[in-house]
Amino acid sequence: MKTGFIANLLTAAFLTTSLAQGADITLLNVSYDPTRELYADFNNVFAAYWKGKTGDKVTIRQSHGGSGKQARAVIDGLEADVITLALAYDIDAIATKGQIKPGWQKELPHNSAPYTSTIVFLVRKGNPKKIKNWDDLVKPGVSVITPNPKTSGGARWNYLAAWAFALHQPGGNDAKAKEFVIKLLKNVPVLDSGARGSTNTFVQRGLGDVLLAWENEAFLALNELGPDKFDVVTPSESILAEPPVTVVDRVADKRGTRKVAEEYLKYLYTDEGQKIAAKHYYRPINTKIPTKLAKVKLYTIDKAFGGWQKAQKTHFADGGTFDQIYDVKK
Amino acid sequence: MKLFKRHNNVLPGFGLSIGFTIFYLSVIVLIPLSSLVFRTAGLTWGEFISTVTAPRVMASYKVTFGAAIIAALINSIFGVLVAWVLVRYRFPGRRIVDALVDLPFALPTAVAGITLATIYSPNGWVGRYLEPHGIKAAFTPFGIVLAMTFIGLPFVVRTVQPVIEEIEVELEEAAVCLGANRRQTLQRIIFPMLLPSILTGFALSFARGVGEYGSIIFIAGNMPMVSEITPLLIITKLEQFDYQGATAIACVMLLTSFLMLLVINLLQKWSRRYAE
Amino acid sequence: MSAPVAIIPRSQNPKGRLQTEPAAVRWLLIAIALAFLTLFLALPLAAVFSQAFEKGLSVYLTALQEPDTLSSIKLTLITAALTVPLNLFFGVTAAWAIAKFSFPGKNLLITLIDLPFSVSPVISGLIYVLIFGLQGWIGPWLQAHDIKIVFAVPGIILATIFVTFPFVARELIPLMEAQGKDEEEAALVLGASGLQTFFRVTLPNIKWGIIYGVILCNARTMGEFGAVSVVSGHIRGMTNTVPLHVEILYNEYNYTAAFAVASLLAFLALITLAVKSVAEWKVRLQLGNE
């Protein structure tokens, strides 16, 4: 009773402080882990642009975490105006709860993914194990660090990238691809629960010869933690990761922020937005924007796996290929 | 018979205090926890059983409960020793050591996990001396025991400590006067007095270990079938938006801990009666 | 502070008469205890501080003055200010009922009070989401009335109360059971009222238990990570407590700042020490005056 009362009081206090006054607008962008630096940068630029255009002051708040966890928070009521996650599957999960209109992925160009990324290797300086491509990862004595695909969106891309590589080798099929992934997982000593956890294991604990990571994460780690300690190796082929963005209809309509939320996402597609994405080592979809990233042959999730729903079911749901591998391995 | 005893009790406030206790317990603990059961009820019995007895899940029970028992045992032995030393002996730095005991509470579990991994990983302060001897501390089930020992230690020390402080010296003196030597005094007088609180400490340390998540994932390695703890499997289910699967496993954990706590509390009651 | 004998029970006993072990055994036990604590507690603490100060004092101080850090500290203090008194009140009440009376189902009740300890922090957060979340029992109603519980401050407080629920009660129950109820009965027979008995007889007897309980409850309140993480929503500068903020900093590869903020929580243990010493000293003063 007493708690409830105090909780109500606090809620009231909380609401009054967060209620927008006049043309002060707040947006909440719920995102996944590796976009912190990107949005910290982009939010400032957008706020300045919006102020210049409309005179309104917009403050964008950020929440970051694992992609699946963030999707769950929105499903359970976290009031995100826009959501920018690692994979479409997670946004689909919100859409099935009726908070986002079906067909959201067609709302914005390019499958609602304003930037793309891929999976690359971070290795120790000088690349002592001579890791050049995916088939080097399954060699005996190579220790690979990747997070658990059951709990990390990034790890799912890693897993599918390896699978897609094996699938596209001469004579490749699903059985051979599974063989390949089994061999690869045998070289994994630790499965962290999130992408940043794995980076820390690789960098701070000194475990492993190679870290499978988002391209932007690999470069960020390289810059932040020591260009003298690591190298980024881009394999000849990999997977095209399309982290999608969308407006959460339920929240935007309720809070009356639809217009600014939509503009916010659209701004990601402008030259300005694309340049910021490129600066943070994402691959801009506008090919005119210069990028420092190496050319890679990229497979799409739709072509190689028949879309996220199917990939999730085949590989990561309970009893999927990932579980099969570990249940056999014992 | 028990009810009769209560009527004879002259102390006031039973109705009020028990009423409030049950009310607060219900609002904060029981009603929220019941939501787990209701959510799980969406599963059929067969689905429930196959979820909670899947090989991965069974392996995780073994790892989680096994490591928690080992950690609680380590803590019971060393925790009592620490409590005794802190209360009965005087040595330089005693107060600092006393404060240090609460550290595992104050340190966020994630920090604890990161820190323990820093110390015990192969390139860590201690780990680098263990590695040449073939002892892998971090990223193995041993790492789980380490983390659980760390987070559970204050429970034993802080439960036993006040009881040692309350032991009346007269009792020990009387024992000596009656011709008991020190060992007999410890064994016959002190230990029985401490036993209930040691059991409480053991139970709490065990229970805390079973549920721990934040610190363990940093140091366990999280390999399926080997070092994957049950709470991690719950998270795994949640990540797949499988709320029912998650709450099903949670219910099993809850029930198991509840039964173990109940047994220990009964044991404690028995030990108290034995001591009297 | 004067002679360090304060804790010795009923300290009217001169130190010399206190029966104890031979010096060699004493020092051996102290050595074992210290070795164990060094390995498990002192080393982690040293690791926190060594990483916090890795880049020098000025970086340390800058890290602490960052606005998001300050707002996380504020939120943690608010949480503790509500959680600890509520659980203290509950703890004393429950201990009174359980330790001073016999009734059927007592063991069940004690076990239920212990339960939050054994509930995984992940679950402790989840249950509130299941109730107050949008898919939960009263979530839609709250939504319609624009009341935020989860992913806002009230949810954080609720989850924290749950996690630290048993601390005070669990500290007091064994203590009060050990003490029995003879003293209270005597007071009542001599004509004291119920409240007088409680404040004059019971309270002084259980003060150490209360102090320990509050210290533990407070420390755990400020340090709780798992449960709060589930209900927080992680909105920077709004719903991040200190432990969550530490995680954020760590995940931004800002290790020094992460450990700087973490060291604040380690300092908590040291402040605890000061509070406890003062309390002991005051109590001794009181005893001396009587």
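Start by selecting chain A and chain C together: about 3,200 Å² is buried between them, 61% of it on carbon and sulfur atoms. Buried area here is the accessible area (1.4 Å probe) that two parts lose on being put together, summed over both. Before going on, note that this is a predicted model, in which local features need pLDDT of at least 70 and side-chain atom pairs count only at pLDDT 80 or more, while totals for chains, interfaces and linings use all residues. Residues are numbered from 1 along each chain as its sequence is written, chains are lettered from A and ligands numbered from 1 in the order in which they are written, and side-chain values use heavy atoms, with hydrogens and water left out.

**Stop 1: chain A against chain C**

Select the touching residues: 37 of chain A meet 32 of chain C, where contact means heavy atoms within 4.5 Å. Two salt bridges are counted between these chains, each a side-chain nitrogen of Lys or Arg within 4 Å of a carboxyl oxygen of Asp or Glu. Zoom in on R36(A) and E252(C), which form a salt bridge with their closest N and O atoms 3.5 Å apart.

Next, show the 14 residue pairs in polar contact between chain A and chain C, both residues at pLDDT 80 or more. A polar contact is a pair of N or O atoms within 3.5 Å; within protein, one must be able to donate a hydrogen and the other to accept it, and residues adjacent in sequence count only if both atoms are side-chain atoms.

Now color α1(A), which gives the largest share of the side of chain A that touches chain C, nine residues. Helices (H or I, at least four residues) and strands (E, at least two) are DSSP runs, numbered from the N terminus.

**Stop 2: chain C against chain B**

Move to chains C and B, which bury about 10,300 Å² between them, 74% of it on carbon and sulfur atoms.

**Stop 3: a sheet in chain A**

Finally, select the open, mixed sheet of four strands in chain A, ordered β6-β7-β5-β8. Strands pair if DSSP finds at least two bridges between them. At the edges are β6 (144-145) and β8 (230-233), each pairing on one side only. Follow β5(A) (residues 119-124), joined to antiparallel β8(A) by four bridges, and end at R124(A), which stands opposite F230(A) in β8(A).
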